[in-house]
Amino acid sequence: MAIIQKLSHGIAWRVRRVKRGCKRKVRGVFARCYKYYTRKKLYPSVYRKNAKRPVDEKKIVFLEVRMPQLTDSFRLIYDKLEKEYDYKLVFHSLGDGLQNRTAVRKNSLAALKDLADAKYIFLSDSCALTGCLEMRPETKVIQVWHACGAFKKFGFSTAEKIFGASKEELLKYPIHRNFSMVTVSSPEVAWAYAEAFHMEDRMDAIVPAGVSRTDVFYDPKRIEQAKEKLHRVMPESKGKKVILYAPTFRGRVAKAKSPDELDLALMQKTLGDEYVMVCKHHPFVKKRPEIPEEYSSFAKDVTEEMEIDELLMSADICISDYSSLIFEYSLFERPMIFFAYDLEDYFDWRGFYYNYDELTPGPVVSTTEEILDYITHLDERFDRSQVAAFKEKFMSACDGHATERILQMAGIERRS
């Protein structure tokens, strides 16, 4: 009897496994067919139909690929256009990776009607929608990439990595295409963007105009407001130095996770009298690591309450890993620590444009103990000149006037 039950369970397990395998295959076939239909047939057809209208010389479309609102990559540009220029500004969000397939299709179809007769289109991320179109020559597509510098690889640079699609897939379904101008944070990194966007033969279109959102870091009033806001959000920060912990996400966008490797008990015990720590997780992460109540006087997750720019302005020390926010933070020439406990895995997953150990303007560590050792000996070990050299190399075009320069180089004229 026992043998029969064992065999029965074994057969049932195999049947369930086969069913799951069949469902995955069916979903895979459907996804491939859907991708082909929307990107090769539906979207180009809708665009061509609406492109029969004349281009509206005063129409500027801001297209967010994922987020539901204007992100900091766009906000300063949008606000400046609204206040000082005479253009019709249109905003669309696709919700790609954050909303379901039906919602993304609906959002895309709505956006196409405005993209088809726009004079200017602003992007800040990879975009499958604009990439699948034969864009009319009168329209300028301006890519103001959401990150500064060139840290972890993206686009065509990841074609041989686990994170990326194959080169054949990227060529068949381009998401880095039709860019009239790409703005970067310094001349040093132009080569990396040319590689990522497959624009090696169009280097002149990659311009070191700076990154718009970095303009706020040169505004003393905004910096003071950011610090005051932090004190309201976390009253424990008053009179103490602030450590910002801002890791990038792990995995793919749809299932993004945040690391949870810091020993908060040890950090609070060692630093609690002099410091507080604020945590800012990547916006793709839906389920963030929780901070236990017993550490609430030392550490707080402020992901919902504060923007990353506000935290960069307020922090005395930044702990990150593979996030490009280190480029922005270098503008303040303050200490940085690189908590890269999974460096080898991350390199295999995605890779870097520069040698990680040579790039990072601060200690690379893999344990909480190493972090604490550096912070408690900060006066002797922090080398400000190292951060200043890093800033000059990777952020030389970010001087507080990037927004104005981007609009000028795009050919967008001020209100007369």
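The model is predicted.

**The six-stranded sheet**

An open sheet of 6 strands runs in the order β9-β8-β7-β10-β11-β12. Its pairing is parallel. Strands β9 (299-301) and β12 (364-365) are the edges, and each pairs on one side only. In general, strands of a sheet pair through backbone hydrogen bonds, either parallel or antiparallel.

Start with β8. With β7, β8 pairs in the parallel sense over 5 bridges. Across that pairing, I243 stands opposite M277 of β8. With β9, β8 again pairs in the parallel sense, here over 3 bridges. M277 has A299 as its bridge partner in β9.

How many of the residues of β8 are buried? The count is 5 of 5, so the strand is mostly covered by the 20% limit for burial. Y275, M277 and C279 point one way from β8. V276 and V278 point the other way. All of these side chains belong to buried residues. The general rule is that side chains in a regular strand alternate between the two faces of the sheet.

Further along the sheet, β10 (residues 317-320) and β11 (residues 336-339) run parallel and are joined by 3 bridges. S320 has F338 as its bridge partner in β11.

Helix α13 (residues 368-376) lies across β7 (241-245), β8 (275-279), β10, β11 and β12. The angle between α13 and β11 is about 170°.

**A parallel pair and its crossover**

Strands β1 (residues 56-64) and β2 (residues 88-93) also run parallel, joined by 6 bridges. Within this pair, I60 has L89 of β2 as its bridge partner. Between the strands, the chain passes through helix α2 (residues 72-84), and this β-α-β crossover is right-handed.

K80 sits in helix α2. Is K80 buried or exposed? K80 counts as buried because its relative accessibility of 18% is under the 20% limit. Leaving out residues up to four places away in sequence, K80 touches Y85, T403, E404, L407 and R414.

**Nonpolar cores**

The largest nonpolar core holds 84 residues. Y193, F197 and L244 touch the most other members of that core. Helix α6 (residues 190-196) gives the most to this core, with 5 residues. Nonpolar side chains tend to be buried together in soluble globular proteins.

What does F197 touch? Beyond four places in sequence, its contacts are Q143, W145, F154, F156, H176, F179 and V182. A second, separate core has 22 residues, including Y295, F339, L372 and L378.

D309 lies in helix α9 (residues 308-314). D309 is buried, because 10% relative accessibility falls under 20%. D72 is 237 residues away from D309 in sequence, yet 8.3 Å away in space, C-alpha to C-alpha. D72 is also one of the contacts of D309, together with R213, V216 and F217, once neighbours within four places in sequence are set aside.

**Loop residues with positive phi**

N178 is placed in the loop between α5 (167-172) and β5 (181-183). Its phi is near 75°, a positive value in a residue other than glycine. H198 is in the loop between α6 and β6 (206-207). H198 is not a glycine either, and its phi is about 60°.

**Cysteines**

How many disulfides does a search of the whole structure find? The search finds 0. C132 is in no disulfide. The nearest cysteine sulfur to that of C132 belongs to C127, 8.3 Å away.

**Accessibility at selected residues**

| Residue | Relative accessible area | Class |
|---|---|---|
| C33 | 48% | partly exposed |
| K80 | 18% | buried |
| C132 | 13% | buried |
| N178 | 23% | partly exposed |
| H198 | 37% | partly exposed |
| D309 | 10% | buried |

Methods:
Residues numbered from 1 in each chain as written. Predicted model: local features only at pLDDT ≥ 70, side-chain atom pairs only at ≥ 80, totals over all residues. Heavy atoms only, no water. Pairing = 2+ DSSP bridges. Helix = DSSP H or I, 4+ residues; strand = E, 2+ residues; numbered from the N terminus. Right-handed = clockwise from strand over helix to strand, strands pointing away. Disulfide = S-S within 2.5 Å. Buried < 20%, exposed > 50% of the residue type's maximum accessible area, 1.4 Å probe, protein only. Core = buried A, V, L, I, M, F, W, Y, C linked by side-chain atoms within 4.5 Å. Contact = heavy atoms within 4.5 Å. Axes fitted to C-alpha atoms, helices over the stretch in contact; angles between N-to-C directions.
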